[in-house]
Amino acid sequence: MMAVPSRSEKRKEQRKIVQKTRAVIQKAMDDTTLQTVMGHRTSWRKYDLVRKEEGLSNVRKRKNSSQDQPTVKKRIHGHSMDSLTIETVQLLDEARTWSADQKVNWSELARKYGLHQKNGGQTIKEFLAANGVPLATKTMVSRRDRRKSKKLPGGISFPMKKPSSYHKKSISQLVETGQILMGKEVVEEVHTTFSVSKDPVPKVVEKLSKSYSRQVRLFDIRKKMLALHEEQGLVRNSSDEYIDGLTDSEVRKRLEAIGEHHQESDGTELREKLKKVSRQRMLKVWHDHSTVSGHGLILVLVSGMYDPAFYHTPDEMKSKTGKVIDVQGIVECPELHIIGRSTSTLKDQLKYVECRKQCMLEMGAPISLANGVVVTDIVRFFHGDGPAQQFEAGHSIGGNYCCVGCGAHSSCFDDVVHSCRSEKHNLQSRQNFVIKGHAWKKGVMSPFDKLTVRELKMELEVHGVSIMHKKKERLEEDLEDLRKGIVNVPALLRTNPEMPLESLFLAQYEVCPIEPLHDLKGHFSNMIEETMYLAPEEALPELHKIQNAVLNKDTLRGSDYRKAVILMFKKLEEICPGSMLTKIYETAVHNCKLLYAPDTKRSPKTVLCLHNLAFLHGVLFTQIFANPKSL
């Protein structure tokens with residue numbers, strides 16, 4: 001027969017459970033608090049105040065507001081002044097000279113007049129109050145918060161966040177150990193501020209201040225990412241011993257899995273090919289501008305690109321560790337490269353070209369895995385919003401040829417066939433076009449602007465365009481149609497336009513012409529607005545409900561528009577299945593799904609599917625919204 005636990009034993013068991021739970025909560029707080037605080041616009045002072053408030057009980061001593069309660073005699077903290085031998089007249093004279101907002105330290109005042117006994121300050125204060133001296137605001141001692149700390153059952157202390165001093169020390173240690181890279185100062189900015197002085201006659205004071213942008217070397221970022229991914233077990237074994245030990249069928253199977261198998265190659269060639277692709281890591285660059293507290297900032301980030309040739313797949317990691325690991329999410333987590341004060345003007349952005357270029361020149365510096373295998377890093381893509389793409393590619397920001405991806409005129413954007421068949425430019429062709437002429441030799445930011453008739457003719461003749469019997473306006477039109485948006489060499493070549501891309505290790509560098517977040521947001525916004533004019537009457541009430549429920553916000557994000565399009569597609573599929581309007585929403589939903597698909601869901605088949613669906617969506621859009629009401 002089992003013994004029934006006593007009350008004390010039950011309390012001990014309960015206390016152990018509470019202690020164990022508290023330890024888990026405390027550990028979670030310690031692991032995430034620093035990241036949370038640094039990710040919000042919260043000062044350390046405010047963090048400490050909130051932390052203290054969270055750790056104290058919410059129960060305060062209630063004031064007695066009842067009129068029926070008996071009057072309690074006020075407690076006298078000090079001593080009677082009749083038995084004291086101090087200069088009371090002098091004390092009263094001094095007190096009457098105090099200003100209305102003067103702060104008084106009562107303990108110091110008591111010591112000044114030789115009153116060294118206990119509660120001397122309270123005695124002085126009560127004496128002055130009894131003699132008619134107003135003392136409502138004359139104190140320097142703040143009230144002490146006498147609330148108790150929060151407690152868990154069993155009297156165990158409530159888990160609390162660490163103080164700011166602990167986190168500051170942790171940050172210093174991370175910097176010292178190299179886990180946080182501080183980088184170096186690169187671009188100096190001089191700022192002018194104006195303020196009004198506090199003199200009797202106020203004056204406007206001008207003050208100059210300096211700030212420096214910070215840059216983390218690309219070489220240090222590459223080493224840090226590689227060490228981190230190798231420590232987490234994400235990087236494949238690509239040593240000579242391992243690959244040479246594979247059979248021919250295993251090598252072929254591995255190459256087939258990554259789409260690199262060639263049937264005509266022999267075993268030796270296949271092994272060399274597997275070694276090459278297994279030791280290449282792709283990188284991508286992103287930059288954009290933002291405003292924080294009224295100041296413009298530029299931010300440049302670098303991240304890896306998930307490639308199953310270099311990294312393990314999620315299924316392989318699950319078989320190794322027994323856990324579901326988002327390998328692509330870990331690999332493509334961005335690292336800070338450059339941050340600094342900057343406006344979005346072309347002049348300010350060009351200040352960072354030289355320091356970025358110096359980092360690109362270091363791409364040839366080898367980095368190795370723990371087993372000695374040298375990894376080749378390739379800067380493969382730039383991705384960002386429209387203005388960032390245009391700056392990086394040396395393209396026109398706005399204008400008639402604003403698309404980086406195609407050379408179509410803006411008046412032909414609704415002609416999907418023309419856009420798809422228009423000439424495409426990579427960075428090499430852009431550089432070749434610019435340096436083939438003469439305008440770039442002027443060394444200005446926009447060499448094709450404000451050209452004279454002679455300069456226009458020279459530029460067109462170099463490219464084989466007829467200039468006979470043409471006026472300046474026609475020559476400018478011909479040059480604009482010839483350039484198709486090209487305004488200069490790519491950004492990283494601005495300081496040396498003739499420099500080969502290979503010397504900067506940018507032979508494979510491409511500017512990605514789409515950014516799903518911004519592109520889909522604007523497109524879906526227009527599509528939803530136009531839908532309200534063309535939708536069947538029986539569907540309008542339901543579509544308006546979806547629109548009001550999802551898009552009735554002060555700040556709308558891309559995810560809100562994507563959600564609204566999905567819900568509207570479902571509703572249109574119920575009310576009018578097979579209609580043209582339903583089809584355009586169906587293609588939009590499938591395009592969105594393919595654009596945001598993880599690597600495990602991508603293949604040559606899905607790429608072709610995206611191409612066809614995007615083409616079909618464009619054709620349907622021009623047919624359905626041929627005469628837009630709001631655009």
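The model is predicted. Helix α18 spans residues 453-462 and holds buried residues. Strand β5 pairs with β9 in the parallel sense and with β6 in the antiparallel sense. Strand β4 pairs in the antiparallel sense with β3 and with β7.

**Helix α18**
- Leu456, Glu459 and Leu460 are buried in α18. They lie on the same side of the helix, because they cover an arc of only 95° around its axis.
- These buried residues pack against α19, residues 472-483.
- Gly464 follows α18 and has a positive phi, near 75°.

**Strand β5 and its partners**
- β5 (residues 280-292) and β9 (residues 374-382) form a parallel pair over six bridges.
- Within that pairing, Phe382 of β9 stands opposite Val285.
- β5 also pairs with β6 (residues 295-304), in the antiparallel sense and over 10 bridges.
- Leu283 has Gly304 of β6 as its bridge partner.
- β5 and β6 make a hairpin with two residues between the strands. Ser293 in this hairpin takes a positive phi near 55°.

**Strand β4 and its partners**
- β3 (residues 184-196) and β4 (residues 204-215) are joined by 11 bridges in the antiparallel sense.
- Lys210 in β4 stands opposite Val190.
- β4 pairs with β7 (residues 335-341) over two bridges, again antiparallel.
- Gln215 stands opposite Ile338 of β7.

Key. Residues are numbered from 1 along each chain as its sequence is written. This is a predicted model: local features need pLDDT of at least 70, side-chain atom pairs count only at pLDDT 80 or more; totals for chains, interfaces and linings use all residues. Side-chain values use heavy atoms; hydrogens and water are left out. Buried means under 20% relative accessible area, exposed over 50%, partly exposed in between (1.4 Å probe, protein chains only). Helices (H or I, at least four residues) and strands (E, at least two) are DSSP runs, numbered from the N terminus. The arc is that of the directions from the helix axis to the C-beta atoms. Contact means heavy atoms within 4.5 Å. Two strands pair if DSSP finds at least two bridges between them.
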